[in-house]
Amino acid sequence: MNGRTNSNNNSTMTILGDGIPLDPPSSFLCEARNSKVDITWVDPKDKYATPEGEQMEDTDQLVSVWSYTKIVRKEGSQPTSPSDGVTVCTNPTRNQYQSTIFEDTSVTNGVTYYYAAYAYNTAGTYSDGAFSGGITPIEWDPVLANNSWEQIDSACTQGVAQSLWNVGDEIDITALNETVTCIIGGFNHDTLIGGGTAVITFFTKNLMAAVCSEDLINFMNYSSWGESPCCDWFINTLLPGIDSSVRSHIQTINLRYGDAFNDSIKHMPIQVFLPAMIELGLNPLNDVPGEGSMYPYYATASNRIKRRNNGSGKAYTYYTRSYKAGTNTMCVYYVDAAGTNEHDNVAMNRQSLGFVHFGFCIGHAIK
């Protein structure tokens, strides 16, 4: 086999036929940020002629030695070679960017880029490429309402949402053909059904004009909200009635809700939900414990007051998903117009409590 001799620091190393390409870089990760793309990768090991040479790092068996890694960027489609696109990095320090981030700051927000990483050996032969998917840097506005839901979701995924926006910040959505004002209820509060934490939980600030029918609001024959027709209405009517630009970013959480018959907590996957009393900062003596914890927004008592017609009407009572435990006549807790504890009894007019309010979560926290 033909070879090549390299001299370095008074030592001589012969590389056997080092036109043999290395393996491509591994763990190649590109993440969009605001006006930049963060890139990390692992450089390949040198190549040996035999397994024994690799195990013993026998320099007499070297066939290809890593020299540097080249990162290439192209707009609109993947690079087809190291010369197809813009060179953003040529790095000769092995694994320098395995844990340290290389920042490509020569990008434009809103443009989709594709990245490739090629490893070169000392003979100048390059490896196959490691490729990213489409990466689109995106900018966020510190005023929540000025962002699209794609931008909000992106800020959540990239871990910057809480540095941009605050509990109580407002944004409007369309639900059931109404304009509905939502607020940030809290950050990193709810568990996702697949594990991890939802970054932002939103709630409607007030009550919608929409009213659940009396049949749907009637909780009397059910031991929990999760088994009631009202819950079904949330899943089958309310959720599809939310504008798709929002709905496509709503996460599925592992909701905890009380079963009054058994004084126990159940779990269900859901995307839109009623808050529990404890989540609203209220703590009745007889609810089923374990439904959650208070959202920071509701630490302010006046924030528990909700008004009809998205705030243009008068303050009104509204249901929660909490049941009074240990009762055979299903009493569901509601919040009165003053924002204080109450509970339903079976004789009252449930239609008057059917004005819709709900919560939903955006963003998957990535560790």
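1. Start with phenylalanine 360. Outside the four places on either side of Phe360 in sequence, this residue touches Trp149, Ile173, Cys182, Ile200, Thr201, Phe202, Val246, Ile250, Gln271, Val272 and Phe273. The model is a predicted one, so only local features with pLDDT of at least 70 are discussed.

2. The largest nonpolar core holds 65 residues. Phe360 is one of the five that touch the most other members; the rest of that group are Ile200, Phe202, Trp225 and Phe358. Ile200 and Phe202 are also on the contact list of Phe360. In soluble globular proteins, nonpolar side chains tend to be buried together.

3. Four strands make an open, antiparallel sheet, in the order β12-β13-β14-β22. The edge strands are β12 (170-175) and β22 (359-364). Each has a single partner strand, so one side of each has no neighbour in the sheet. On average, neighbouring strands are turned by 40° against each other, with direction ignored.

4. Which strand is joined to β13 by 5 bridges? The partner is β14. β13 covers residues 178-187, β14 covers residues 198-204, and the two run antiparallel. Phenylalanine 187 has isoleucine 200 as its bridge partner in β14. Ile200 is also among the residues of the largest core that touch the most other members.

5. α2 (residues 149-157) lies across β12, β14 and β22. Its direction is at about 60° to β22.

6. Now the largest pocket. Its space is about 470 Å³. The lining has 24 residues; nearest the centre are Ala32, Arg33, Ser154, Thr157 and Gln158. The elements giving two or more residues to the lining are β3 (26-32), α2 and α3 (161-164). Helix α2 supplies the largest share, 6 residues.

7. Finally, leucine 285. Is this side chain's residue buried or exposed? Leucine 285 counts as exposed because its relative accessible area is 84%, and the cut-off for exposed is over 50%. Leucine 285 is in the loop between β16 (264-270) and β17 (306-307). Asparagine 341 is 56 residues away from leucine 285 in sequence. In space, C-alpha to C-alpha, the two are 9.9 Å apart.

Methods:
Residues are numbered from 1 along each chain as its sequence is written. This is a predicted model: local features need pLDDT of at least 70, side-chain atom pairs count only at pLDDT 80 or more; totals for chains, interfaces and linings use all residues. Side-chain values use heavy atoms; hydrogens and water are left out. A nonpolar core is a set of buried Ala, Val, Leu, Ile, Met, Phe, Trp, Tyr and Cys residues joined through side-chain atoms within 4.5 Å. Buried means under 20% relative accessible area, exposed over 50%, partly exposed in between (1.4 Å probe, protein chains only). Contact means heavy atoms within 4.5 Å. Two strands pair if DSSP finds at least two bridges between them. Axes are lines fitted to C-alpha atoms, for helices over the stretch in contact, and angles run from 0 to 180 degrees between N-to-C directions. On a 1 Å grid over the protein atoms alone, a cavity is a set of points where a 1.4 Å probe fits but cannot get out, and a pocket is an open set with protein on both sides within 12 Å along at least five of seven lines; lining residues have an atom within 4 Å of a point. Grid points are joined across faces, edges and corners, and a volume is the space filled by probe spheres set on the points.
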